[in-house]
Amino acid sequence: MTAGQRRRCFGLLRSAGDVWACVLEINVWRRRRDDKPLTGYQELCRELSGSGPGTFGELDTTGARSVLRRFSDAWFAAAKRRRDGDVSARFPRRRRGLVPVRWYHGTFVLDGRRVRIPTAQGAAPLWVRLAREVPYPVEQVRSVTLLCEGGRLFLDVTAEVPVAVYPPGEGPDPGRAAGVDLGIIHPYAVAGPDGEGLLVSGRAIRAEHRMHLADTKARRRSVSQRAPKPGQKGSRRWRKYRRRARLVEGRHKRRVRQAQHEAAAMVVSWAVEQRIGVLKVGDPRGVLDLDAGRRHNLRLRQWQIGRLRQVLEDKATQAGIVVDPVNERGTSSTCPACLRRVPKPRGRTLTCPHCQFTGHRDLIAAAIIATRTPGGGPTTPTAPVVLPEVVTHRRAGRHLPGAGQSRRDPRRPPAAARGSVGPRRPAPPPPGDGESLAHTARIHNRASETR
């Protein structure tokens, strides 16, 4: 877009921030007078209509009402959480500089790659050109949302997508259920009813989080001496650094989000091939309440359990598959053969010390999840656990740096650049002596040792 279009789009987002701040200020005044705060959407709309046209720049009434809807939903969601006993829930009382604006069907015009964004009465029309074609027909688009992420402007498109239709006898069968275990190393581990399994590797996503954290720390250390002191006016170099940091953070979030969508698409496509009609997903959100230290808490925050579940549910619903959340407590530490508790292994292999059963930990958890009943019920498997015998491996995030065949991040310098010369090799044997100074090689082959 041109500089003028960019300036006007950011003006709409700032005007939406003014609407948000105005609602907060009104509730502060009412709280000082011991009056009931304005939280309902209709009450806020009546207050907005009394302000008159042109109060919030080029922002039209529909865009301002979308901000009020966002505030009202956030308020009542926090109130519901507090009624349920979550004392950590906070009401929306923080000001925002830029707030997303949404326009619904009939208020905007979509013409190919051009979109006319509604503006206030008397303002010039605002036409913007999209970076790519909208992947949905025009009649299916229901709303567009203007937002800023990482210093870049985006237009989020919401469309009504019909549920997939299959030929007779080829669609998902409601009588076939599969268990899904959510994790960090494997975002999705699926166990089917016929001994089929699926493992989606998320090591590239985990490496992206770690390398992004290392890059952020290194960048902060390098600019810590050039940072302005408290009360000092920032320089142009500092503004350029902050802008670059926002761009890098936005790029990192987009990479991770795309990898999560790819992982969920792999699970849904595999379920359609297996004609699975119900996906029983384990709910591991109980571990978020445990304080496991600074490092592990960061890993749990980067896990993004809610987004993984939401992405999988959206894609499964479009494919005609039902998603049921179940309790997953004890699934990763229970032997499926003798149903006894097993100590948590350090790796991916679970070995039972009682019956010597060995299997993949995540697939065992997914197989036990498939036997549980949604909405509660006994945690002990009431049906025989069907363990996967044929496992399909997939890797999510092939677009991430270093996720190719070498699995090496190009941002990490080679060993020679870090000053390492590698492991020391033994000196060559002296002339005439056939004995080597290298250590004797050990061949790990149990079959040859027993002969």
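## Sheets and cysteines in a predicted model

In strand β6, the bridge partner of S143 is T158. The model is predicted.

β5 and β6 run antiparallel and are joined by 8 bridges. On the β1 side, β5 (residues 141-149) pairs with β1 in the antiparallel sense over 4 bridges, and R102 has T145 as its bridge partner in β5. These strands form an open sheet of 3 strands with the order β1-β5-β6 and antiparallel pairing. Because β1 and β6 (152-159) each have a single partner strand, they stand at the edges, and one side of each is left without a neighbour in the sheet. The twist from one strand to the next averages 15°.

Helix α5 lies across β5 and β6, at about 140° to β5.

**Six-stranded sheet.** A second open sheet holds 6 strands in the order β11-β10-β7-β8-β9-β14, and its pairing is mixed. Its edge strands, β11 (322-327) and β14 (390-395), each pair on one side only. Neighbouring strands here are turned against each other by 25° on average, direction ignored. β10 (residues 276-283) pairs with β11 in the parallel sense over 6 bridges, and G282 stands opposite V326 in β11.

Helix α5 (residues 236-273) packs on this sheet, touching β8 (188-191), β9 (196-201), β10 and β14, and its direction makes about 170° with that of β9. Helix α8 (residues 361-369) also packs on the sheet; α8 touches β7 (173-182), β8, β9, β10, β11 and β14, with its direction at about 140° to that of β7.

The strand pairs with listed bridge counts are these:

| Strand pair | Sense | Bridges |
|---|---|---|
| β1 and β5 | antiparallel | 4 bridges |
| β5 and β6 | antiparallel | 8 bridges |
| β10 and β11 | parallel | 6 bridges |

**Cysteines.** The structure holds 0 disulfides. The cut-off for a disulfide is a sulfur pair within 2.5 Å. The closest cysteine sulfur to that of C338 is in C352, 3.6 Å away, and is therefore too far for a bond. C355 is likewise in no disulfide, the nearest cysteine sulfur being that of C335 at 3.5 Å. C338 counts as partly exposed because its relative accessibility is 28%. C355, at 35% relative accessibility, also counts as partly exposed.

Note on methods:
Residues numbered from 1 in each chain as written. Predicted model: local features only at pLDDT ≥ 70, side-chain atom pairs only at ≥ 80, totals over all residues. Heavy atoms only, no water. Pairing = 2+ DSSP bridges. Helix = DSSP H or I, 4+ residues; strand = E, 2+ residues; numbered from the N terminus. Buried < 20%, exposed > 50% of the residue type's maximum accessible area, 1.4 Å probe, protein only. Axes fitted to C-alpha atoms, helices over the stretch in contact; angles between N-to-C directions. Contact = heavy atoms within 4.5 Å.
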